[in-house]
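Visitor: Hi, could you walk me through the side-chain contacts in this one? I'd like to go pair by pair.

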Amino acid sequence: MPIVFAYSTASQALSPTSWTYVNIPTQVIDTHNVFDPTTVTYWQLPAGKYLMSATVDLECSSHNNLSAQFIRFTQDGTAISGSEVDQYMNHTGNNFTYTTMHTTIIHNCQQGNSNVMRVQTWANWGVGNVSIKRVQLSV
């Protein structure tokens, strides 16, 4: 079975309320060459069961304006049920400048599918710009 650990510390801009594929350009371990080094956004898995984990850190350029963040895994362009994690930060009337979301799932990749896997994030904010500041992926 493939083992992957990849990360990014490069800034990646987001658009408000839009799902964005996360760039993960640095592969530390990729035992079966499943990560595509040319696109840095996906990895392709052979059939089997996998424990997948991802963490995405966001930062808003305007203090206390980040109000929501979601992350999820996708397979072949479709969200994987049970992988989406969300946080709404304005439940007390206070928003955040930084946030971190994490998701972990056990996923069964079926024979006959492309099994192209990606991480996506989504955010909402008031003023300023929001960008991805750090990402970690383990498979």
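Guide: Happy to. Keep in mind that this is a predicted model. Let's begin with the charged pairs.

Visitor: How many salt bridges are there by the rule used here?

Guide: The count comes to two salt bridges.

Visitor: Which side chain does Asp57 meet in a salt bridge?

Guide: Asp57 pairs with Arg134, at 2.4 Å from N to O. Asp57 belongs to strand E6 (residues 48–60) and Arg134 to strand E12 (residues 130–138), so the bridge ties together parts that are 77 residues apart in sequence.

Visitor: Is Asp57 buried or exposed? And what about Arg134?

Guide: Asp57 counts as buried, at 8% relative accessibility. Arg134 is partly exposed, at 42%.

Visitor: OK, and which side chain does Arg72 meet in a salt bridge?

Guide: Arg72 meets Glu84, with 3.5 Å from N to O. Here Arg72 sits in strand E7, while Glu84 is in the loop between strand E8 (78–79) and strand E9 (85–88), so this bridge joins parts twelve residues apart in sequence. Arg72 is buried, with a relative accessible area of 15%, and Glu84 is partly exposed at 38%.

Visitor: Over which ring does the charged end of Arg72 sit?

Guide: That would be the ring of Trp19, with the charged end of Arg72 at 3.6 Å from the ring centre. Another arginine, Arg118, lies over the face of Tyr21, 4.4 Å from the centre of that ring.

Visitor: Why is the pair of Phe70 and Trp122 edge-to-face?

Guide: Their planes are at 90°, and planes over 60 degrees apart count as edge-to-face, so this pair gets that label, with the ring centres 4.7 Å apart. The pair also links distant parts of the chain: Phe70 is in strand E7 (residues 66–75) and Trp122 in strand E11 (residues 116–125), 52 residues apart.

Visitor: Nice. Are Phe70 and Trp122 buried or exposed?

Guide: Phe70 is buried, at 10% relative accessible area. Trp122 counts as buried too, at 14%. Together with Trp19, Phe70 and Trp122 form one aromatic cluster. That is the Trp19 whose ring has the charged end of Arg72 over it.

Visitor: Last one, the surface. Which residues make the nonpolar patch of about 250 Å²?

Guide: Ile3, Val28 and Ile29 make that patch. Ile3 is in the segment before strand E1 (4–8).

Visitor: And how accessible is Ile3?

Guide: Ile3 is partly exposed, with a relative accessible area of 46%.

Terms used
Residues are numbered from 1 along each chain as its sequence is written. This is a predicted model: local features need pLDDT of at least 70, side-chain atom pairs count only at pLDDT 80 or more; totals for chains, interfaces and linings use all residues. Side-chain values use heavy atoms; hydrogens and water are left out. Patches are made of residues with over 30% relative accessible area and no salt bridge: like charges are joined within 9 Å, nonpolar side chains (Val, Leu, Ile, Met, Phe, Trp, Tyr) within 5 Å. Accessible areas come from the Shrake-Rupley method with a 1.4 Å probe; for residues, only the protein chains shown count as cover. A salt bridge is a side-chain nitrogen of Lys or Arg within 4 Å of a carboxyl oxygen of Asp or Glu. Helices (H or I, at least four residues) and strands (E, at least two) are DSSP runs, numbered from the N terminus. Buried means under 20% relative accessible area, exposed over 50%, partly exposed in between (1.4 Å probe, protein chains only). Rings of Phe, Tyr and Trp (its six-membered ring) pair if their centres lie within 6.5 Å; planes under 30 degrees apart count as stacked, over 60 as edge-to-face and the rest as tilted. A charge sits over a ring if NZ of Lys or CZ of Arg is within 6 Å of the ring centre and within 35 degrees of the ring normal.
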